[in-house]
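Hello,

Here is the structure you will be working with. My notes on its salt bridges follow below it.

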Amino acid sequence: MESAFTDQWKSILTGSKDLLVGNDAVQPAGRVTKVTGLVMEAVGLRLPVGSACSIHLAGGAKIDAEVVGFDGDRLFLMPHSDLEGVTPGAPVFAEESRQTSSHPLRRPSDRSRQLPVGYQLLGRVLDGNGRPLDTLGPLKTTESAPLAARIYNPLERAPIVDTLDVGVRAINSMLSVGRGQRLGLFAGSGVGKSVLLGMMARFTTADIIVVGLIGERGREVKEFIEQILGAEGLARSAVVAAPADAPPLLRLQGAAYATTIAEYFRDQGHSVLLIMDSLTRYAMAQREIALAIGEPPATKGYPPSVFAKLPVLVERAGNGKEGGGSITAFYTVLTEGDDQQDPIADSARAILDGHIVLNRTLAESGHYPAIDIEQSISRAMHSITTPEHQQLARKLKQLYSRYERSRDLISVGAYAPGSDPLLDEAIRLHPRIIAFLQQDITQKCSISESLEGLRALFQG
């Protein structure tokens with residue numbers, strides 16, 4: 001009498017047309033031998049890391065998975081959904097790639113996962129698998145692109161020479177952003193990073209906006225789209241959401257998918273603003289996967305592969321070739337307990353082209369956006385702004401810093417006016433500086449308006 005596994009396998013092979021390729025030849029199949037936590041082990045298939053596959057269940061259902069490692073003949077698979085219904089010996093089949101991209105930088109292996117791209121994604125909200133989360137029906141696009149793309153030769157990239165207007169006065173004036181620059185938004189929880197991202201998404205002069213909401217609460221996803229991004233921002237945006245309850249592989253894939261969409265529009269010659277919230281959740285998803293397949297923890301519980309994957313993702317953003325498009329990227333980095341020396345924050349700071357730090361003390365005092373201009377820096381500002389602009393920004397930073405260092409003396413009346421001319425000027429201009437650095441969520445301030453306000457600050 002044949003085993004239940006053999007009956008199940010035969011019924012799947014004979015009942016599913018999707019498993020037939022070429023001249024009606026059955027695809028090679030393996031079987032599940034072990035499930036531990038989030039990881040499945042399979043034998044009988046020889047697939048490269050990153051290959052897409054599916055585990056077929058009784059009743060015709062299946063679970064999508066990806067090869068994340070191997071040990072001898074055993075493959076380690078990570079699912080894109082929960083593992084309910086998986087049985088010992090469940091058949092595993094490799095998924096064939098449907099390659100439609102002809103871009104020279106996009107030549108994946110035959111089995112790498114490809115997801116939809118195209119202008120039809122604008123105004124849509126998708127999950128990490130490219131499936132619509134909104135109620136606008138199926139995607140009407142025939143184009144797709146691989147999640148893993150080759151990185152540009154750095155010598156072929158166009159230099160950062162043009163500014164990108166993000167509509168936020170403190171950033172435009174003090175932390176000018178260049179087209180193709182990659183910046184980190186460092187903040188603890190509840191200090192207004194999502195609101196600041198929404199302001200940039202609505203007010204930016206970029207042609208296309210791609211938003212990746214990775215590992216955030218489901219409620220925050222809906223609020224960001226409806227209240228912070230708004231209808232105007234969503235109309236020229238493609239949103240990829242992989243919330244906190246999604247499997248770690250889907251969170252990783254969501255970040256890669258958002259970057260792939262941004263790369264597609266860059267290849268079409270557009271200026272793209274990529275917003276990813278957050279890079280820390282991406283790192284945590286990779287940590288879950290790495291620990292599950294047996295990689296040893298290193299720095300504060302993070303395995304080495306986490307720090308290897310961060311620059312691979314970040315380096316995909318940036319300028320294309322001369323005369324082509326660009327991806328200007330903002331990655332949020334969660335600083336646990338407002339600790340700027342957190343391993344992920346420290347690593348991100350080293351690979352990004354600048355960092356904008358949000359200060360909890362400023363947020364608690366009602367100062368929005370709560371940008372700490374003392375700790376923040378744009379590494380491309382010196383090459384995209386005029387000497388006059390740089391001098392004015394430097395002067396404002398000096399006055400702000402001088403006042404903050406002497407705040408206690410001033411507040412108790414221990415400072416004698418006239419003792420320090422620079423501090424006297426800082427005290428005189430402090431109310432105007434604070435008003436200049438604050439901005440209402442509905443207010444847009446262009447680069448020219450920001451620079452004019454910076455000049456006016458020191459006049460009279």
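**Salt bridges**

A search of the whole structure finds 19 salt bridges. Please keep in mind that this is a predicted model.

The side chains of R124 and D134 form a salt bridge, with an N to O distance of 2.9 Å. R124 is in strand β10 (residues 124–126), whereas D134 is in the loop between β10 and β11 (144–146), so this pair ties together parts that are ten residues apart in sequence. R124 has a relative accessible area of 8%; because the cut-off for buried is under 20%, R124 counts as buried.

R219 and E223 are joined by a salt bridge as well, and their closest N and O atoms are 2.8 Å apart. Both residues belong to helix α4 (residues 218–235), where they sit four residues apart, about one turn of the helix. R219 is partly exposed, at 46% relative accessibility, and E223 is partly exposed too, at 30%.

Salt bridges with shared partners also link E41, D71 and R74 into one network. Within it, D71 pairs with R74, the closest N and O atoms lying 2.5 Å apart. The relative accessible area of D71 is 41%, which makes D71 partly exposed. R74, at 30% relative accessibility, is likewise partly exposed.

Regards

Technical notes. Residues are numbered from 1 along each chain as its sequence is written. This is a predicted model: local features need pLDDT of at least 70, side-chain atom pairs count only at pLDDT 80 or more; totals for chains, interfaces and linings use all residues. Side-chain values use heavy atoms; hydrogens and water are left out. A salt bridge is a side-chain nitrogen of Lys or Arg within 4 Å of a carboxyl oxygen of Asp or Glu. Buried means under 20% relative accessible area, exposed over 50%, partly exposed in between (1.4 Å probe, protein chains only). Helices (H or I, at least four residues) and strands (E, at least two) are DSSP runs, numbered from the N terminus.
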